[in-house]
Amino acid sequence: QLRHADLVVFGSTKPDDIPVSWIKPGATIISCARDLLSEKCNYGQQNNLAAEKTVGSLAVAMRMQNMVKNMERWIQSQQYRKWDLHCLKLQPLSPVPSDIEISRAQSPKAVDVLAKEIGLLTDEIEIYGQTKAKVRLSLLERLKDQPDGKYVLVAGITPTPLGEGKSTVTVGLVQALTAHLNINSFACLRQPSQGPTFGVKGGAAGGGYAQVIPMEEFNLHLTGDIHAITAANNLLAAAIDARILHENTQSDKSLYNRLVPVVNGVRGFSAIQLARLRRLGIIKTDPETLTEEEISKFVRLDIDPSTITWQRVVDTNDRFLRKITVGQANTEKGFVRQAQFDIAVASEIMAILALTTSLQDMKERLGKMVVANDKKGEPVTAEDLGVTGALAVLMKDAIKPTLMQTLEGTPVFVHAGPFANIAHGNSSVLADKIALKLVGEKGFVVTEAGFGADIGMEKFFNIKCRASGLVPSVVVLVATVRALKMHGGGPNVTAGAPLKKEYTEENLQLVADGCCNLQKQIQITQLFGVPVVVALNVFKTDSPAEVDLVCKIAKESGAFDAVPCNHWSAGGRGAIKLAQAVEKAANQKNSFKYLYSLELPIVEKIRIIAQKVYGAQDIELSPTAQSQVDRYTRQGFGNLPICMAKTHLSLSHRPERKGVPTGFILPISDVRASIGAGFIYPLVGTMSTMPGLPTRPCFYDIDLDPITEQVKGLF
């Protein structure tokens with residue numbers, strides 16, 4: 001009976017005679033033995049025995065009552081807590097100062113104060129400095145019965161190289177919802193890569209009076225997640241080359257003796273080696289019992305170097321690492337091969353971080369990552385290399401979302417940062433899930449998908465929503481007059497170059513002609529059955545007539561509403577109408593559906609995306625792409641979703657084709673697989689996974705004041 005009890009009361013000295021093994025692990029024990037109670041002293045009078053028994057029983061009852069009260073207090077502390085958020089006041093200036101000046105002028109709340117305001121417990125956060133904190137995943141278990149809030153995705157039209165302000169709209173929207181409409185809301189953003197931060201695009205904290213603060217901490221290192229991904233990725237890359245070298249230079253016996261060494265006179269398999277034996281069909285646990293044939297199967301992965309798909313990564317735009325040669329030192333004994341570096345956020349480990357749902361799920365995904373094929377054409381995984389546990393250890397802190405705040409003191413999660421053109425371009429599932437619990441049933445979680453709706457949003461629905469099981473309530477589609485003029489036939493927009501007069505003067509015809517791209521992106525959203533609200537991110541050079549024209553065309557094209565937004569210059573107050581439109585749209589009928597069935601062949605899934613989303617006439621696979629499709633299908637990976645690697649500057653594969661291109665054949669040059677992340681990614685045309693630096697990178701303007709230690713020049 002004791003083994004099944006959750007609470008055990010000991011009322012005598014009997015505990016001395018009861019083995020610990022009789023008590024269920026985790027059971028609560030209340031000890032009321034006489035020698036532990038206040039009445040233990042010997043009064044020396046026989047007639048006191050009855051009184052002692054009475055007091056002893058009373059002590060037992062009081063201890064049980066105290067235990068119940070303590071449990072009630074603890075249970076109450078674990079319940080969902082109503083927010084007690086104190087928003088920060090904004091005093092927008094005109095003209096609008098630089099992003100970093102605005103960020104520095106605001107004094108953020110201490111992150112532990114913010115955490116308490118939104119109902120986080122003290123043991124659920126790990127504080128990094130004054131303004132950042134990791135949030136532990138245990139919160140999901142505590143609030144598992146709490147209904148989710150509304151789920152909002154911010155996407156955009158096909159952008160200019162300057163970007164159209166999706167992050168700014170995301171931040172402005174939550175500032176409006178919470179600081180001005182008193183509705184709980186959370187922004188979930190991607191962590192920016194240092195590539196764009198020091199390259200062309202700059203940071204990703206939003207801008208103007210709608211940004212995450214402190215913006216320099218947001219854009220530089222944050223809590224080290226990308227560095228953890230880099231370390232894990234490159235450990236696996238090193239393991240691949242080292243294993244090939246050792247297999248090429250050692251006999252089966254030597255390999256076995258080194259892989260399964262004798263330690264303190266005992267030889268034993270590690271847990272991950274036992275798992276490999278089981279996958280090979282060798283059901284043995286004693287290293288001394290393997291046959292020579294079994295030893296050979298166990299120690300030799302026989303990796304075919306020409307099939308290695310796992311590359312080293314670094315979080316810097318470095319074009320000279322796009323093609324390299326490794327193994328040139330004499331110590332590598334002639335094992336030389338061509339390889340490359342990718343930018344860190346293109347690593348499959350980043351995609352796994354963004355799609356995982358728990359530590360156990362992440363560990364399983366890491367183990368499934370296919371890094372090459374063996375000489376028989378079978379996949380070789382991280383699990384085969386024995387590195388899964390080490391990768392999980394390197395990623396154990398990175399899996400926790402980072403809590404920050406907006407300029408108006410509303411909460412933000414920053415977590416994961418895969419690019420949308422070469423990966424799936426969305427922040428993490430875990431950040432969204434935690435935020436949906438914290439905001440409460442009537443609250444809103446606003447997350448962002450990279451680049452245009454044809455890329456980031458399509459992948460959000462077909463990849464991220466499949467992984468999370470979450471259903472979005474509304475899509476906010478961001479447009480700018482500038483981008484619409486470009487799609488209407490305006491001059492090229494180049495980063496770092498002044499805008500031509502067509503973009504700074506009223507031109508209704510260019511705007512009207514360019515709205516074809518907006519209409520197409522609305523149609524793409526409607527393919528998924530989700531209401532869409534168009535957010536027109538207004539610039540000071542936009543005329544009222546241009547703004548009215550865009551909103552009119554958007555509504556006529558099927559948008560639930562279209563709203564001009566001035567959050568960049570006014571903060572949340574400038575996005576109140578957008579927040580009200582989103583709140584109304586979230587109450588509309590939602591008939592969400594995926595674009596394709598996973599059971600369809602890989603080629604057919606690619607064709608559906610190309611034709612229905614991009615507007616292509618058809619697709620054309622290179623011989624390399626077709627052979628890879630055949631290989632992945634044969635290996636059992638045919639039922640995975642598709643993650644197209646394509647330029648973000650056009651609906652087609654040619655960046656110079658603006659508006660809505662039609663009649664084109666989409667070329668698929670190669671097809672690769674991220675088995676751990678759980679998708680197949682076709683490469684459209686020539687897609688580079690390592691950006692390069694321009695003639696004048698952002699780093700020319702970035703500096704540090706050695707006296708104040710303040711960062712200058714970030715944007």
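This is a predicted model: local features need pLDDT of at least 70, side-chain atom pairs count only at pLDDT 80 or more; totals for chains, interfaces and linings use all residues.
**View 1. Asp 6 and Lys 24 form a salt bridge.** The closest N and O atoms of the two side chains are 2.5 Å apart. The pair links distant parts of the chain, since Asp 6 belongs to the segment before β1 (7-10), while Lys 24 sits in the loop between β1 and β2 (28-31), 18 residues apart.

**View 2. Arg 482 and Glu 164 form a salt bridge between two buried residues.** Here the closest N and O atoms are 3.3 Å apart. Arg 482 lies in helix α17 (residues 481-487) and Glu 164 in the loop between β5 (150-156) and α5 (166-180), so that distant parts of the chain, 318 residues apart, are linked by this pair. Arg 482 has a relative accessible area of 11%, and for Glu 164 the value is 5%.

**View 3. Arg 279 and Glu 383 meet through their side chains in a salt bridge.** The N to O distance in this pair is 3.8 Å. Because Arg 279 is part of helix α10 (residues 271-279) and Glu 383 is in the loop between β16 (379-381) and α14 (388-395), the pair ties together parts that are 104 residues apart in sequence. Arg 279 is partly exposed, with a relative accessible area of 43%, whereas Glu 383 is buried, with a relative accessible area of 19%.

**View 4. Arg 267 is buried yet has no salt bridge.** This residue is found in strand β10 (residues 266-267). The nearest side chain of opposite charge is that of Glu 288, which is 4.1 Å away, while a salt bridge requires the nitrogen and oxygen atoms to be within 4 Å. The side chain of Arg 267 does have other partners, for a polar contact of 2.5 Å joins it to the side chain of Asn 257, and it also reaches the backbone oxygen of Val 260 at 2.9 Å. Leaving aside neighbours within four places in sequence, the residues in contact with Arg 267 include Tyr 256, Pro 261, Val 262 and Pro 287.

**View 5. Several charged residues are linked in a network of salt bridges.** The members of this network are Glu 126, Arg 136, Lys 396, Asp 397 and Lys 400. A search of the whole structure finds 34 salt bridges.

Terms used:
Residues are numbered from 1 along each chain as its sequence is written. Side-chain values use heavy atoms; hydrogens and water are left out. Helices (H or I, at least four residues) and strands (E, at least two) are DSSP runs, numbered from the N terminus. Buried means under 20% relative accessible area, exposed over 50%, partly exposed in between (1.4 Å probe, protein chains only). Lys and Arg count as positive and Asp and Glu as negative; His and the chain ends are not counted. A polar contact is a pair of N or O atoms within 3.5 Å; within protein, one must be able to donate a hydrogen and the other to accept it, and residues adjacent in sequence count only if both atoms are side-chain atoms. Contact means heavy atoms within 4.5 Å.
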